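Let's take a walk through this model together, one region at a time. Have the sequence and the 3D view open as you read.

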Amino acid sequence: MRLRSVLLALAIALAAAQAVATDPPAREEVRRAAQEVRSHPDLGGPQKERTLRFKSSDKPRQSGDTSGLRWLAELLRWISETSRLLVWVGGAVLVALVLVGLWRWRREHADWAGRTGEALPSHVQNLDIRPESLPADIGAHAARLWQAGESRTALSLLYRGALSRLVHGHAVPIRAASTEGECLALVRSRLDAPKVMFFTRLVLAWQQSVYGGRLVGAEEALALCSEFDVLLAKGAAG
């Protein structure tokens, strides 16, 4: 539409120029021609047009929001302080565990150390455990008793001999009133696995014979006899 109006204006201007060239117009004619141009529908005076453009702002640009950076810095600081605290707490726990272990070790050994000035028990329950009341070769002597048909006497000798060796040779703090279960607990806390296993088998054989009225098999009984002086040697420690 705008191009059409321009072309029409150019056509009118050319026609006017030709008229002027042939016959100079009077003032009234010029005014009338101008009025016709203004009144033409395609040249209807000034028109308003709308265009889009970026709006400039006079306000100063604000700096970026730093709240996220502050939060991250606080988080890193908290992690650093927490890690330092955890190191101190872990060290304190480790020291506490070491101290508790030492305390337990001293308590277990203080029982026996406190008894060094005391007389060792001569009997446990009603069993005589004095070394002089026992043969030197307890295992071999018990095997001979078993083969001679004195099975309960053989098991009694093995059990009495074991208690005597534990008290006098291995420093196990067995008392006169200690039961079989208490003796087992003391042995488990002080001796190595092979000795603990041997003494456990011996206690079971002894209890089965005395309280259950049943004897273990000959193979197990003779195995206990042969292992006695190997695992509970006279004068051994630990």
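## A serine in a loop

Is S178 buried or exposed? With a relative accessibility of 6%, S178 counts as buried, because the cut-off for that class is under 20%. Please keep in mind throughout that this is a predicted model.

S178 sits in the loop between α5 (151–169) and α6 (180–190). Its side chain reaches the backbone nitrogen of R175 at 2.9 Å. Leaving aside residues up to four places away in sequence, S178 touches V124, Q125 and C183.

## The chain as a whole

Stepping back, the protein chain has 8 helices and 2 strands. Read from the N terminus, the order of elements is α-α-α-β-β-α-α-α-α-α. Of its 238 residues, 25% count as buried.

The accessible surface of the protein chain comes to about 17200 Å², and carbon and sulfur atoms account for 61% of that. Now for the contacts between residues at least 6 apart in sequence: 67% of them join residues at least 24 apart.

## Aromatic rings between α5 and α7

A search of the whole structure finds 3 aromatic pairs. In one of them, the rings of Y159 and F199 have centres 6.4 Å apart and planes at 20°, so this pair is stacked. Y159 belongs to helix α5 and F199 to helix α7 (residues 193–210), so the pair ties together parts that are 40 residues apart in sequence. Y159 is buried, at a relative accessible area of 3%, and F199 counts as buried too, at 1% relative accessibility.

Y159 also pairs with W206: the ring centres are 5.1 Å apart and the planes are at 15°, so this pair is stacked. Here again the partners lie in helix α5 and helix α7, so parts 47 residues apart in sequence are tied together. W206 is buried, with a relative accessible area of 10%. Y159, F199 and W206 form one aromatic cluster.

## Salt bridges

How many salt bridges does a search of the whole structure find? The search finds 6. As background, side chains of opposite charge can pair when their charged atoms come close.

Let's start with R130 and D128, which form a salt bridge whose closest N and O atoms are 2.7 Å apart. The two partners fall into separate accessibility classes: R130 is partly exposed, with a relative accessible area of 34%, while D128 counts as buried at 14% relative accessibility. Another bridge joins D137 and R144, with the closest N and O atoms 3.7 Å apart. D137 counts as partly exposed at 33% relative accessibility, and R144 counts as partly exposed at 45%.

R165 forms a salt bridge with D229, the closest N and O atoms being 3.3 Å apart. This pair links distant parts of the chain, with R165 in helix α5 and D229 in helix α8 (residues 218–231), 64 residues apart. R165 counts as buried at 7% relative accessibility, whereas D229 is partly exposed, with a relative accessible area of 31%.

## An alanine in α4

A143 lies in helix α4 (residues 138–147). At 17% relative accessibility, A143 counts as buried, because the class takes in values under 20%.

Which residues does A143 touch, not counting those up to four places away in sequence? They are L222 and C225.

## A nonpolar patch on the surface

Finally, turn to the outside of the model. W71, L72, L75, L76, W78 and I79 make a nonpolar surface patch of about 640 Å². One of these residues, W71, lies in helix α3 (residues 67–113). Is W71 buried or exposed? At 58% relative accessibility, W71 counts as exposed, because that class begins over 50%.

Technical notes:
Residues are numbered from 1 along each chain as its sequence is written. This is a predicted model: local features need pLDDT of at least 70, side-chain atom pairs count only at pLDDT 80 or more; totals for chains, interfaces and linings use all residues. Side-chain values use heavy atoms; hydrogens and water are left out. Patches are made of residues with over 30% relative accessible area and no salt bridge: like charges are joined within 9 Å, nonpolar side chains (Val, Leu, Ile, Met, Phe, Trp, Tyr) within 5 Å. Accessible areas come from the Shrake-Rupley method with a 1.4 Å probe; for residues, only the protein chains shown count as cover. A salt bridge is a side-chain nitrogen of Lys or Arg within 4 Å of a carboxyl oxygen of Asp or Glu. Helices (H or I, at least four residues) and strands (E, at least two) are DSSP runs, numbered from the N terminus. Buried means under 20% relative accessible area, exposed over 50%, partly exposed in between (1.4 Å probe, protein chains only). A polar contact is a pair of N or O atoms within 3.5 Å; within protein, one must be able to donate a hydrogen and the other to accept it, and residues adjacent in sequence count only if both atoms are side-chain atoms. Contact means heavy atoms within 4.5 Å. Rings of Phe, Tyr and Trp (its six-membered ring) pair if their centres lie within 6.5 Å; planes under 30 degrees apart count as stacked, over 60 as edge-to-face and the rest as tilted.
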